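Grab a viewer and work through these exercises one by one.

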Amino acid sequence: MVIPAYNEAATIRDVVTRTLQYVRRVIVVDDGSTDGTADLLAGLPVSVLRNEFNSGKAATLVRGMDAALKTHCEAVITLDGDGQHRPEDIPALLAAYEESPDAIVIGARQKNRAETPADRYFANRFADFWIAWAAGQPIEDTQSGFRIYPAPVFQFVRPRCDRAASFVFESEFLIEAGRRGVRLVGVPVAAIYGLRGRRSHFRAVVDIARIVRMVAWKLISRGMDLPGLVRSRRMPTQMRYSSTSTTTMRPDSRNTQAMAKPAITE
């Protein structure tokens with residue numbers, strides 16, 4: 001489990017403590033926080049990496065993912081540290097991953113849409129349309145940071161992760177993986193708005209504009225990829241599992257080499 005964190009003092013200990021009920025290994029990457037985020041994890045059985053300066057979400061995620069992959073795990077789970085996702089939904093994603101171990105599993109925030117701020121809802125839906133088109137398959141909630149990535153996918157998908165790519169990285173990852181035949185599976189989960197410890201670092205206008213610019217270039221470079229548009233309008237792959245599942249499967253419970261490598265198509 002990789003949890004990127006930037007000034008999450010209000011939520012990080014609670015999120016990590018709850019997460020530890022479902023996974024054995026947790027890596028928190030403190031992205032240059034100034035509020036003592038990392039200090040609040042003292043005494044918990046987690047690995048804490050610290051960026052000396054704020055590097056952006058993309059670089060922070062990549063640092064945590066690389067650290068996780070060095071442990072020879074078979075998959076990397078990512079969860080935001082701001083409390084917008086329920087760690088109690090981890091078993092639901094794990095159940096979907098167990099059924100489709102070569103797919104990227106996305107915690108799609110579908111359960112309480114009425115509570116989603118209007119600007120975030122419409123910005124996310126706008127991004128969903130374009131990213132699904134570029135990926136060539138339907139995707140539920142392209143902006144959710146609650147995901148499971150099979151380890152083999154990192155062998156051939158590695159978007160740029162500089163500071164300018166901060167919130168673009170996760171979207172570009174889905175596009176590149178989808179174009180190479182990796183299934184993108186959604187699992188309905190709840191999202192928490194209003195009770196989080198801080199305002200979101202995601203800027204709906206600026207960051208969506210950066211995502212759209214990236215997507216536009218990928219579509220233009222493929223002549224707008226009309227077949228991809230057709231495929232993206234199909235019903236999304238969605239799995240429904242109870243978040244109270246008692247599954248004990250862990251992402252590092254099997255050897256990575258035993259996993260089937262996702263089909264790679266150009």
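## Exercise 1: a loop residue

This is a predicted model. Glu 74 sits in the loop between α2 (57-69) and β4 (75-78).

**Task.** Work out whether Glu 74 is buried or exposed, and find which side chain makes a polar contact with the Glu 74 side chain.

**Solution.** Start with the accessible area: for Glu 74 the relative value is 0%. Buried means under 20%, so Glu 74 counts as buried. Next, look for a partner: the side chains of Glu 74 and Tyr 97 are joined by a polar contact of 2.4 Å.

## Exercise 2: the strand β1

**Task.** For strand β1 (residues 2-5), say which side chains point which way, then find how β1 and β2 run relative to each other.

**Solution.** Take the side chains to begin with. In a regular strand they alternate between the two faces of the sheet. Here Val 2 and Pro 4 point one way, Ile 3 and Ala 5 point the other way, and all are buried. Now the pairing: β1 and β2 (residues 27-31) run parallel and are joined by 4 bridges. Val 2 stands opposite Ile 27 in β2.

## Exercise 3: aromatic pairs

**Task.** Find how many aromatic pairs the whole structure has, and classify the pair Trp 130 and Trp 133.

**Solution.** The search turns up 8 aromatic pairs. Trp 130 and Trp 133 are stacked, at 5.3 Å centre to centre with 15° between the planes. Both lie in helix α4 (residues 118-135), 3 residues apart, about one turn of the helix. Residues three or four places apart in an α-helix point the same way, because there are 3.6 residues a turn. For contrast, Phe 154 and Phe 173 pair edge-to-face, 5.5 Å centre to centre and 65° between the planes. That pair links distant parts of the chain, 19 residues apart, and both Phe 154 and Phe 173 are buried.

Notes: Residues numbered from 1 in each chain as written. Predicted model: local features only at pLDDT ≥ 70, side-chain atom pairs only at ≥ 80, totals over all residues. Heavy atoms only, no water. Buried < 20%, exposed > 50% of the residue type's maximum accessible area, 1.4 Å probe, protein only. Helix = DSSP H or I, 4+ residues; strand = E, 2+ residues; numbered from the N terminus. Pairing = 2+ DSSP bridges. Polar contact = N/O pair within 3.5 Å; in protein donor to acceptor, adjacent residues only side chain to side chain. Phe/Tyr/Trp six-rings, centres within 6.5 Å; stacked < 30°, edge-to-face > 60°.
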